[in-house]
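Let's take a friendly walk through a protein model, one piece at a time. Have the sequence and the 3D view ready before you read on.

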Amino acid sequence: MKLKKGFVIRVVGGESVVVPVGELSKTFHGMINLNETGAFLWKFYNEEHTVEEGVAALCGEYDVAPEQAEADVRKFVETLQANGFTE
Amino acid sequence: MIYDIAGLRIKIENRCSYTENFCKAYLSKDQTSPTDLSVKVTVDEFRAEKEISGNFSDGYVENICLYRNICKQIPLLNRILLHAAVLEYDGNGYAFLGRSGTGKSTHTGLWLKHIPNVRIINGDKPILQATENGFLAYGTPWMGKEGLGCNASTPLKGLCFLEQAPENSIRRLIPSEVSARLFTQILLPQDEENVVATLELVDRLIMNTPAYLLRCNISEEAVQTSFEEMTGLNYQNIKKN
C-alpha cells in the first residue's frame, strides 16, 4: 500500500492538514484533517508498506497495544483506499 | 490594463469591458513598468463558470474568473484571499467571518450604526498580506454583492467568527479551533508551490492574529460584546449618541 503522489502535508495552527495538488486537486476538492497518529501513518505510507509494517511502526512510535494499532491502521488504510488516495 | 491591487501591480487581460469599469478605481497611473502578475481567463474556465452561474452576463462571469485567478497566484507573493468582512476602527482592522446567512452583514451593519468613525475596507473578499508586523487587509474591487469597501488597507488585529445565538457571548479560540473554521473561508490553489505557500500563510495568520468566537443576536449589546473584547476599549465611552 502506498499513497498517490500529489498531496501536500503541513502543520497549520498546530493541526496536520493534507491538501491535494495538481491533477489530484481536480478530482478531490478540499482538505483532510489528521490527528497525530494519522499524520504519522500518512508520512509512513508515502513509501510502499504493508498493513503489518504500519502496525509495527505505530507500536514502535507510540505506546499502543498491537490489537489497537492493527485496528487503527486497518481503518486508516481502508479510508485511504475508499477515497482513491492509494496507488 | 495594469491595476494597483493589494500592493501589487496586476495586469488584467479581459475580453469584456465589464472588468475595466469594475476595477477603474484601482487603475494604475503607471501602465509601463513591470508587473507582479498577469491574469486572463481561458475558454475552458469561462465555460465552466458560465455553467455554474447561469443567468449572469459574460462580463460578470469573466470578472469572477479573473479574481479567482489572481487569488490563486498571490500566495507566492505573501498574500491570500479571505472570505470575510473587514472593518476599520481607529486605524485597526477587524475581520468578521461566517458562512453566508450567519449574519455577517447584519453585525457589521450594527458596528457602522453604533460606533463612530468605522469604515468598511472590504465587505466580502479582502486580500491579506503577511508582513513582519502581522497581516494587512486590503480593499479590492471585489467586495461582494453589496459593493461595500474602499481602496485602502488596514493592519488586521482580530478574526471574529460569528454564530447566531439568543444571548451574546464571546471567547478566544485556540489555534486548532481557528484552523478548522478558517479553511472554509479561504481559496486553495491547485499548484503545489501556491498550496504550500497558502498553508504557511494560514498558519502564520492563526499564530499571529487573535481569533474569537462571537455568539450573538442582532441587538446593540452584540456590538458592545465584540467591540470591547477585540479592541479592549469601553463601548459606553465611544458609542454614538
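Helix α3 of chain B (residues 58–73) lies across β2 and β3 of chain B, and runs at about 145 degrees to β3(B). Contact here means heavy atoms within 4.5 Å. Angles run from 0 to 180 degrees between N-to-C directions, with axes fitted to C-alpha atoms, for helices over the stretch in contact. Helices (H or I, at least four residues) and strands (E, at least two) are DSSP runs, numbered from the N terminus.

This is a predicted model, in which local features need pLDDT of at least 70 and side-chain atom pairs count only at pLDDT 80 or more, while totals for chains, interfaces and linings use all residues. Residues are numbered from 1 along each chain as its sequence is written, chains are lettered from A and ligands numbered from 1 in the order in which they are written, and side-chain values use heavy atoms, leaving out hydrogens and water.

## The sheet under the helix

In what order do the three strands of the open sheet in chain B come? The order is β1-β2-β3, with mixed pairing. At the edges are β1 (2–5) and β3 (37–40) of chain B, each of which pairs on one side only. From one strand to the next, the twist averages 35 degrees. Two strands pair if DSSP finds at least two bridges between them. β1(B) and β2(B), the latter covering residues 8–13, run antiparallel and are joined by four bridges. One residue to look up is I2(B), whose bridge partner in β2(B) is K11(B).

Now move along chain B to β6(B). Five of its six residues are buried, so β6(B) is largely enclosed by the rest of the structure; buried means under 20% relative accessible area, exposed over 50% and partly exposed in between, using a 1.4 Å probe and protein chains only.

| Partner of β6(B) | Direction | Bridges |
|---|---|---|
| β5(B), residues 85–89 | antiparallel | five |
| β10(B), residues 153–164 | parallel | five |

β5(B) and β6(B) form a hairpin with two residues between them, and D90(B) in the turn has a positive phi of about 55 degrees. Y89(B) stands opposite N92(B) in β6(B), while Y94(B) stands opposite G158(B) in β10(B).

## Aromatic rings

Rings of Phe, Tyr and Trp (its six-membered ring) pair if their centres lie within 6.5 Å; planes under 30 degrees apart count as stacked, over 60 as edge-to-face and the rest as tilted. The count comes to 18 aromatic pairs over all chains. F40(A) and F44(A) make a stacked pair, 6.4 Å centre to centre with 15 degrees between the planes. They are separated by about one helical turn, because they are four residues apart in helix α2 (residues 36–44) of chain A. F40(A) is buried at 19% relative accessible area, and F44(A) is buried at 19% too.

Y94(B) and W111(B) form a tilted pair, 5.9 Å centre to centre with 45 degrees between the planes. Y94(B) is in β6(B) (residues 92–97) and W111(B) in helix α4 (residues 104–114) of chain B, so the pair ties together parts 17 residues apart in sequence. Relative accessibility is 3% for Y94(B), which counts as buried, and 0% for W111(B), also buried.

## Chain A overall

How many helices and strands does chain A have? It has four helices and three strands, in the order β-β-α-β-α-α-α from the N terminus. Of its 87 residues, 43% count as buried.
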